Amino acid sequence: MLFEVWAPQATDRVGLWLEGVEHAMERAEGRTGWWTAEAAAGDGARYGFALDGGPVRPDPRSRRQPDGPEGHSAVVDHGAYSWRTPWAGRGLSGAVLYELHVGTYTGEGTLHAAAGRIAEVADLGVTHIELMPLCPFPGVHGWGYDGVSPWAVHQPYGGPEALKRFVDTAHEHGLGVVLDVVHNHLGPSGNHLPAFGPYFTETHHTPWGAAINLDAPGSDEVRAYLLGSALAWLRDYRIDGLRLDAVHALADTRALTFLEELATAVDDLADDLGRPLFLIAESDQCDPRTTRPRVAGGLGLHAQWNDDFHHALHTALTGESQGYYADFARAPLAALAKTLTHGFFHDGTYSTFRGRTHGRPVDPVSTPAHRFLGYAQTHDQIGNRAVGDRLSATLSPGLLACAAALVLTGPYTPMLFMGEEWGALTPWQYFTDHTDPELAEAVRTGRRREFVAHGWAEREIPDPQDPATRDRSCLDRSEREREPHAGLLAWHRELIALRRSLPDLTDPDLAALKVAYDEQARWLAYRRGELRVAVNLAEEPARIPLGRGGRVAAAWGEVRPPGEDGVLELPAESCVVLADD
């Protein structure tokens, strides 16, 4: 078996330690900084590299870390797994995504346990499961965004084979799988990359410190490292798409940006494999060029999260106005109408939160609506709150139903966060399992300091390191059998089924959507082809001039079509989907 490692930091020698025996490595001819060695090894064999007689470190391209980020790597034979399910792929157009955190989706917190619940997700009607990051991180439980070894699967989740079985089971149920990957930083614990080469650069700084090296000397190999990792998930694990975390934090001044290079490579791999593959960016730049085709001067990513839609919807539902919600809260229904028809709220407008103008206009004529993801809740928007409270903690079932209607009948690719479909009351809090006591204390005190500054009492902030914080965040499936949860679950199923059966709800023509609203009366309505959708967020009934006729295709509560006067009488905190006669 060929072992190879890029280690330009080594000045004299590199040793391959395989099952406790050292093998000398040689410089690879014509490949600057690369070292290679041939040695007999099978699946599961433990190994690592020692530079210039130093400590044995895990392989930067490790496929498995059976003893965690600080342990030795293990050989993975990807050909040993026998795939059960033929899979032609499932693209993003017409999709409904379901964001899932393996460690809290079940009490067991493993891929095997989550795979046992996939039938529930399929029964909901969604098309793809979006898994939060799976790379190894310290301890057992965490969000996954402090991972290292971006080619490997967190061992407490089950490791590489467990992920393959999960994907196989999802495909068996007709569900695609999306994986959240982090290219903008690595976690502070177990990150051995600087010992091997210039994976990071002081040329740029990010919230996590020195930036990933995408444009300084040595960046060609760093880019190849990240590209190879991304393609490996899609090829070796049959993943259908990747969600790219916080791409705005990728410091990259090269003419050909890493994101464009990645999008090109993924499109080429899709052609080679004969199945659709896609990239979804998380970006706070409000820039339509992120998803604009490369031939039109864009980066060519396939979709991006739309936080502006979320912020408008959140302020309309809750009335919150702190922080980045301030600009949306001044006229939340106007903000919601703008995001429904033009993608971004900040499209060159002044952002109070940032203290400057922000964003760039979206062309609704040339931009397919499915290139934006629309959602009422995500792991970020719940977990980054002080106590990780979901909308269900403060909103009535009627308002939760209105949120679902706006997401699932709206123009964008809908995404739900696990448990949202039944109005789960369990919080989703920030939790970690750092094994370094100093790092654990720094995270604990930093979290408390952040929210105390915003008026919270220190005792109210959950301790991220307390195992009870993770345990509280696990879903309680017994809720599904009780009201109002059972009714909300049925409502989500009904709306997703409508989206699947009525072509107007997946029409990509953003310019065709027409919106009306009354800021004071707190109602909003829009037309999508032969469908009209109306929501009443007020505590009183609303009279909405919607036009005569139509039949009720779906409604939360008792709703009748508009009368001869064309006025729809919509009960308090309710919603309706009307189809033309």
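Biologist: How far apart in helix H4 are Glu-161 and Arg-165, in residues and in helical turns?

Modeller: In this predicted model, the two are four residues apart in helix H4, which spans residues 159-172. Glu-161 and Arg-165 are therefore separated by about one helical turn. Their side chains meet in a salt bridge, with an N to O distance of 3.2 Å.

Biologist: How many salt bridges does the structure hold?

Modeller: The structure holds 32 salt bridges. One of them brings together the side chains of Asp-240 and Arg-275, at 3.9 Å from N to O.

Biologist: Which parts of the chain does that pair link?

Modeller: The pair links distant parts of the chain, 35 residues apart. Asp-240 sits in the loop between helix H6 (219-236) and strand S14 (241-244). Arg-275 sits in the loop between helix H7 (258-273) and strand S15 (278-281). Both Asp-240 and Arg-275 are buried.

Biologist: And which residue forms a salt bridge with Asp-471?

Modeller: The partner is Arg-470, with the closest N and O atoms 3.1 Å apart. Asp-471 is partly exposed, its relative accessible area being 45%. Arg-470, by contrast, counts as buried because its relative accessibility is 7%, and the limit for buried is under 20%.

Biologist: Changing topic to His-185: where is its place in the chain?

Modeller: His-185 is in the loop between strand S11 (176-181) and helix H5 (193-196). With a relative accessible area of 6%, His-185 is buried.

Biologist: What lies 2.8 Å from a polar atom of the His-185 side chain?

Modeller: The backbone oxygen of Tyr-145 lies at that distance. The side chain of His-185 also makes a polar contact of 2.5 Å with the side chain of Asn-184. Apart from residues up to four places away in sequence, His-185 touches Tyr-145, Asp-146, Trp-208 and Ile-212.

Biologist: What is phi of Ser-149?

Modeller: Phi of Ser-149 is near 50 degrees, which is a positive value in a residue other than glycine. Ser-149 is placed in the loop between strand S10 (128-131) and H4. At 9% relative accessibility, Ser-149 counts as buried.

Biologist: Which residues is Ser-149 in contact with, beyond its neighbours within four places in sequence?

Modeller: Those contacts are Gln-65, Cys-135, Pro-136 and Leu-186.

Biologist: What about phi of Asp-52, and where is that residue?

Modeller: Phi of Asp-52 is likewise positive and near 50 degrees, in a residue other than glycine. Asp-52 is found in the loop between strand S6 (46-51) and strand S7 (56-57). Its relative accessibility is 32%, so Asp-52 counts as partly exposed.

Biologist: Staying with the backbone, which residues does a cis peptide bond join?

Modeller: A cis peptide bond joins Glu-483 and Pro-484, with omega about 5 degrees. Pro-484 lies in the loop between helix H14 (467-472) and helix H15 (485-501).

Biologist: On to the nonpolar core: which members of the largest one touch the most other members?

Modeller: Leu-131, Trp-233 and Leu-242 do, in a core of 149 residues. Helix H12 (residues 397-408) gives the largest share of this core, ten residues. In soluble globular proteins, nonpolar side chains tend to be buried together.

Biologist: What is Leu-131 in contact with, leaving aside its neighbours within four places in sequence?

Modeller: Leu-131 is in contact with Leu-100, Val-102, Leu-163, Phe-166, Val-177, Val-178, Leu-179 and Asp-180.

Biologist: Last topic: what is the strand order of the open sheet of three strands?

Modeller: The order is S1-S5-S4, and the pairing is antiparallel. Strand S1 (2-6) and strand S4 (26-27) are the edge strands, each pairing on one side only.

Biologist: How many bridges pair S1 with S5?

Modeller: S1 and strand S5 (residues 34-38) pair over five bridges, in the antiparallel sense. Within this sheet, Glu-4 has Thr-36 in S5 as its bridge partner.

Notes:
Residues are numbered from 1 along each chain as its sequence is written. This is a predicted model: local features need pLDDT of at least 70, side-chain atom pairs count only at pLDDT 80 or more; totals for chains, interfaces and linings use all residues. Side-chain values use heavy atoms; hydrogens and water are left out. A salt bridge is a side-chain nitrogen of Lys or Arg within 4 Å of a carboxyl oxygen of Asp or Glu. Buried means under 20% relative accessible area, exposed over 50%, partly exposed in between (1.4 Å probe, protein chains only). Two strands pair if DSSP finds at least two bridges between them. Contact means heavy atoms within 4.5 Å. A nonpolar core is a set of buried Ala, Val, Leu, Ile, Met, Phe, Trp, Tyr and Cys residues joined through side-chain atoms within 4.5 Å. A polar contact is a pair of N or O atoms within 3.5 Å; within protein, one must be able to donate a hydrogen and the other to accept it, and residues adjacent in sequence count only if both atoms are side-chain atoms.
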